[in-house]
Amino acid sequence: MGSAVSPAGIFDALMQGTARRPLVPEGVLGNGIAPGEPCTAPRLMALAVLVELFDLPTAPTQFDDVAAQDDRRAIVPENVRPLILRLVSGKGNPSDDAAALALALALDAAGWRLHPFDLPRLDAFVRKHSEVLGQAVRGSTDQDAERAGDWFAGDSLDPTNWTLATSARKAAFIAELRGSEPARARALVEAQLPLEKADVRLRLIDALATSLSGDDRPFLESLANDRAPTVKQAVTRLLARLPGTGAAAAQIEELVSRITEGKAGLLRKRVTLKLQLPANLKGPAPITDWLAANFGAVSSATLAAAFGLSSEAMLEAAQGDDELVKGIAFAACAGREWSLLAEIARRQAPHIWAEFLQPGLAAFGVVSPAERSQWISAAMPGAVAPGALNSWVLTALHEAFAGPLPPAQAQAIFAGAQKASHPNADLFAAATALMPFELLVDVRAALGRMPAELGARASLLTDILISLNQGTAQP
Amino acid sequence: MKRLSLSLEKIERLAPDQASLAAAKKLLKPSGWPTLEDDGDGLIWGECQGSGSTPYRIAVTELDAGYKCTCPSRKFPCKHSLALMWMRADGNVAFNRGTPPQWVNDWLGRRRGPVAGKPKAEDEGEVARPSIAAVADEEEQESNDPAALARAEAQRARNREKREELVASGIAAMDQWIADQLERGIAGFDQRAAQDCATLAKRLVDAKAGGLANRIAMLPAQLFGLDEQHRSLAAARALSAAYLIGQAYTRQDALPDLLRTDVRQAIGWSMTREALLEDPVALKVDGVWRVLAARDEVQPDRLRRIETWLERQSDEPVYAVLIDYIPVGGGASGNMYMPGELLDAELVFYPSPVPLRAQIVGHRGTRAADGRWQCANRPLPSAIDAWRRALSDKPWLGDYPLSASGVAVRSAGDALFAVSGDIALPIAASSAEVARPLCEAGELAMFGLWDGSGLTPLLAETQLGEWVAP
């Protein structure tokens, strides 16, 4: 072999090994090696490497197109960047707690996007909250990520672009459209549903709970055989809420068969109702799920009518049966009987709001912000006992509510947290995450009076939220 | 010059672990500090009441975050030092103005490296304080016996000669090893590198050629950090550099002075700071240096190597790198300058045809830069030309500071490139993930390290703001 006269030729020989392919140095690299100098393989390699170094690496023939910057949101203010990094990146700063969710929701509400240079450090946060932050935020990291949908301002969605949004935004858009044009919203869902995954289908079906009417019946019945069990259950739940359908009648019949009517009292006989749960339900979680699935599919008025009672009288008769009261609360929510729900919360089950968190508000068709506000106002009418509060419950409430609480409920939560017998930093972070903007300054002052180990994370969150709210996001 | 106060970010970087910061936080109440004083010139000290009867004494120089505490903690800095810095950085606690007590002056006297200022007592000529220099003088007087000096010098010469022989034998062994590797083929070198390199590295350590030993020992990890397709060429480059260093060393008498000194350092002959400062021909550059980047890596010898890259801004920028080695597990330490700081200092460069590594000769203070980094108006082709000249002067060059304006970062699949005109420098795979956001930053100015095959971006000035490698 005597043709190794170029760096490429030398490298070819060195790759295979000079034992198999000897290097013959004549003419190698011009005058790189003087006559009389030993032409060993290492010398030839060194020369070839230097030649290759001076020739810069070959450029690719084609670069990727630079993605057009279609995210018109403003980048978060410069002074907030380090605060965000401190809140949700690095060791000991979780990206999945209530504070992180509050940050994501605040960015979404004010129309900010994260600084692109911070995305590598915020990757866990962005991935966790991609539903809220939108796909455009994930732009630099989504090469191998699932498409989460684009970010749209709440009021910029219309029937032409709603399918591009994140699933939460899609559901909110449909729920809102149902308020004004139920038939059109149904038609949009009907066209889009075959293209969506099961979790998105579920959200869209739940969104149809708003302004549900008999006109929806044919469409819902066509979905009764959906391949996803969760979607099938949601469809069944909606069908059961339609008066006059077989499913509604069957649901009422099922519940009536499990509720025993009796009489109590010596002088004034009063009606009593007792619920008999299925024997195979063990533990509180399956019981709550069963109650939500069954009572959440009927309205409390319809159920009461089956016993010949008013809703209030049915509640009175259920007194003492906690599970039945809980079921009536679910039915009141499904039937939007907010006064009945408030009555339950005031008189019989002050922590009833927490019972809704396991099945989720969407299971009762509560999807729009307005209905969520009505729900929390009814379910949490007064003070909150400290014993009912912990960071997990508050985080679940935050996820269900998808935003800050109304001031009255937020104040009740924070006051309860302050009275907790075992306060901790997570509890205050979760309570702070639920605060509306108008309370943040006061909350920050209150946190400042606490020991740093209790209020540091919550305080950092308030600083960020205040800055984000005070800044003006301008595309 | 306004002195830079300690920042919380700097304290975070100094802290050896999270627990230390947590422990320090509990010490932030001024009631636990009977003494909290400063000298108004960047030196603070205090006494912290611990569990014992005597409070711990802590001193900190704000200038370079130097610290000393009398507690027995094995963490450096300890929670007391961190707490003192923290209180200073917070600014919520008042420090009384005072004169440094003797124990602070003692510590300052023992310190090596830059200090915030000489002890006041010495400045004012009041009280002579103990110092290592004074002790050295005493020892020198004791050993003024000419015969003893001659014996010691003769012993040193014998040691040097013996080491030269050992190094020569080590280089011969390395040459043979490289030839053997080439005979077997470098296509499969990565698969046998871990074992073969470890064997050779041990042999080179025995031959007192620590610099070469480190190069060889680090090679397997470097290769496995690359895509499989790039490993063979990277191996050829690394073996080639080791071979060139060995060959240059064997012919060092024929080399120019700077290149000879450089190659001896590359082999492992160390040059002490004192020797460097005393070298009359060593290049010294005075000025205000901007800290462009700080990065660290753990070497196979369990030392953490901390590099601080500096730029003296002028018409033709001058670059320097401060390199500190600290034991792994000893906590963050070293100079700990942060990107964006300005360092007013005179530097002395280790002799080399491409002078980059430097030591601080004199230090007048540090402050935060007023504005962002301004890259000299230097297109990428000019920067590459400068690198080529440096490579000509020193064929085993390695990382070279490269700054250029008018560059765009573009992607081609998973790979990123720094592009300007016809030139497209591949961005090192290890930096690709963190540098990807630069793709949407448009045209930018960049500072990074170029080794001939990959560019490691460390700082960029863009339309979206300043980008600093994490």
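User: What is the strand order of the open sheet in chain B?

Analyst: In this predicted model, the open sheet of chain B has 5 strands in the order 4-3-2-1-5, with mixed pairing. Strand 4 and strand 5 (96-97) of chain B are the edge strands, each pairing on one side only.

User: Which way do strand 2 and strand 3 of chain B run, and how many bridges join them?

Analyst: Strand 2 (residues 43-48) and strand 3 of chain B run antiparallel and are joined by 6 bridges.

User: Which strands does helix 3 of chain B touch?

Analyst: Helix 3 (residues 79-90) of chain B packs on the sheet and touches strand 2, strand 3 and strand 4 of chain B. The direction of helix 3 makes about 55° with that of strand 3 of chain B.

User: Is Leu63(B) buried or exposed?

Analyst: A residue counts as buried if 20 or more other C-beta atoms lie within 10 Å of its own. Leu63(B) has 22 within 10 Å and is therefore buried. Leu63(B) lies in the loop between strand 3 (56-61) and strand 4 (66-69) of chain B. Its C-alpha atom is separated by 8.0 Å from that of Leu6(B), 57 residues apart along the chain.

User: Which residues of helix 20 of chain A are buried?

Analyst: In helix 20 (residues 391-401) of chain A, the buried residues are Ser391(A), Leu394(A), Thr395(A), Leu397(A), His398(A) and Phe401(A). They lie on the same side of helix 20 because they cover an arc of only 160° around the axis. Their cover includes helix 4 (98-110) and helix 19 (369-379) of chain A.

Notes:
Residues numbered from 1 in each chain as written. Chains lettered and ligands numbered in written order. Predicted model: local features only at pLDDT ≥ 70, side-chain atom pairs only at ≥ 80, totals over all residues. Helix = DSSP H or I, 4+ residues; strand = E, 2+ residues; numbered from the N terminus. Buried ≥ 20, exposed ≤ 12 C-beta atoms within 10 Å, placed from the backbone. Pairing = 2+ DSSP bridges. Contact = placed C-beta atoms within 7 Å. Axes fitted to C-alpha atoms, helices over the stretch in contact; angles between N-to-C directions. Arc of directions from axis to C-beta.
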